[in-house]
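The sequence and coordinates are shown first.

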Amino acid sequence: MESWILALAASPLVYLGMYLFALIDGFFPPIPSESLAIALSALSASSGQPNLALIILFAATGAFTGDQIAYTIGKRLNIRRIPFLAGPRAQKTLDWAGRALERRGAAVIFAARYIPVGRVAVNMTAGAVGYSRRRFVGFDAIAALTWALYSAAIGVGAGEWFKGHPLGAIVVGVVGGLLIGLALEWTLRRLANRKNRTVGTDTSTSNQRAPGTRTRRRPQ
């Protein structure tokens, strides 16, 4: 098994695969590009193949391209009717993305890149609401690069821990990356829910009549 993995890692096609996975993941979240980036980085640190710098380059480039496709889809289609965004949870994510982009676009684009469904929702919503394409391109370029470096860092850590055991490095790196991703998603969801509750409370308070005021009767 390990000899087969090492032979595959030495092939130049592994970089094309990394690019395509990251690209498709930009608008179709079931494709786990983080897992592949982490696995290949762990393999690189453990065995020396594939080239780590090229993995980061192709992962970042693919992620950036996929995000731009997501933006274009949002600009041209009704994203609420896209099948994998039609569920209640995804609809809530789209609502949150629209509100968040209005208030703090750059921070939301950066944070969403680390969450599979979140990044698709934010990037498509950015296109749908007419968020500046030039600003989106600039913020997303930085987000894609930091995401690739983050994935590589997790993989390298696992690879150094399991030096000489590429299969173990891949397993630990992927599992660790998934756990970190779930923790980030849970944290951001909690923060969004807390902010929604605060906004709802403020709205209901402002709608209440101030004490001591009277209703004026219209003349008969």
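Predicted model: local features only at pLDDT ≥ 70, side-chain atom pairs only at ≥ 80, totals over all residues.

Ile-24 belongs to helix α2, which covers residues 13-25. Together with Leu-13, Leu-16, Leu-20 and Phe-28, Ile-24 forms a nonpolar patch on the surface, and the accessible area of these residues comes to about 430 Å² together.

Helix α2 consists of 13 residues, and the distance from its first C-alpha to its last is 18 Å, close to the 18 Å expected at 1.5 Å a residue. The helix also carries buried positions, namely Val-14, Tyr-15, Met-18, Ala-22, Leu-23 and Asp-25.

## Overall architecture

The secondary structure comprises eight helices and zero strands, and the order of elements from the N terminus is α-α-α-α-α-α-α-α. Of the 220 residues in the protein, 39% are buried.

Among contacts between residues at least 6 apart in sequence, 76% join residues that are at least 24 apart. A separate pair, Asp-95 and Thr-125, lies 30 residues apart in sequence and 8.8 Å apart in space, C-alpha to C-alpha. Asp-95 is located in helix α5, residues 88-112, and is partly exposed, at a relative accessible area of 34%.

## Nonpolar cores

The largest nonpolar core contains 19 residues, and the members that touch the most others are Met-18, Trp-147 and Ala-148. Helices α2, α3 (33-47), α4 (52-76) and α7 (133-161) each supply at least two residues of this core. The largest share, six residues, comes from α7. Another core, of eleven residues, lies apart from it and includes Val-108, Ala-112, Tyr-131 and Phe-136.

What is Met-18 in contact with, leaving aside its neighbours within four places in sequence? The partners of Met-18 are Ser-33, Leu-36, Ala-37, Leu-40, Ile-55, Phe-58 and Ala-59.

## Salt bridges

The model has three salt bridges. In one of them, the side chains of Asp-25 and Arg-119 meet at 2.3 Å, N to O. Asp-25 lies in helix α2 and Arg-119 in helix α6 (residues 116-128), so this pair ties together parts that are 94 residues apart in sequence. Asp-25 and Arg-119 are buried. Arg-119 also forms a salt bridge with Glu-34, at 2.7 Å, N to O. Because Glu-34 lies in helix α3 and Arg-119 in helix α6, the pair connects parts that are 85 residues apart in sequence. Both Arg-119 and Glu-34 are buried.

A further salt bridge joins the side chains of Arg-113 and Asp-67, at 2.9 Å, N to O. Arg-113 sits in the loop between α5 and α6 and Asp-67 in helix α4, so the pair ties together parts that are 46 residues apart in sequence. Arg-113 is buried at a relative accessible area of 1%, and Asp-67 is buried at 0%. Through shared partners, salt bridges join Asp-25, Glu-34 and Arg-119 into one network.

## A cis peptide bond

The peptide bond from Gln-49 to Pro-50 is cis, with omega near -5°. Pro-50 is placed in the loop between α3 and α4.

Methods. Residues numbered from 1 in each chain as written. Heavy atoms only, no water. Patch = residues over 30% accessible without salt bridge, like charges linked within 9 Å, V, L, I, M, F, W, Y side chains within 5 Å. Areas by Shrake-Rupley, 256 points an atom, 1.4 Å probe, with all protein chains shown as cover. Salt bridge = Lys/Arg side-chain N within 4 Å of Asp/Glu carboxyl O. Helix = DSSP H or I, 4+ residues; strand = E, 2+ residues; numbered from the N terminus. Expected span 1.5 Å × (residues − 1). Buried < 20%, exposed > 50% of the residue type's maximum accessible area, 1.4 Å probe, protein only. Contact = heavy atoms within 4.5 Å. Core = buried A, V, L, I, M, F, W, Y, C linked by side-chain atoms within 4.5 Å.
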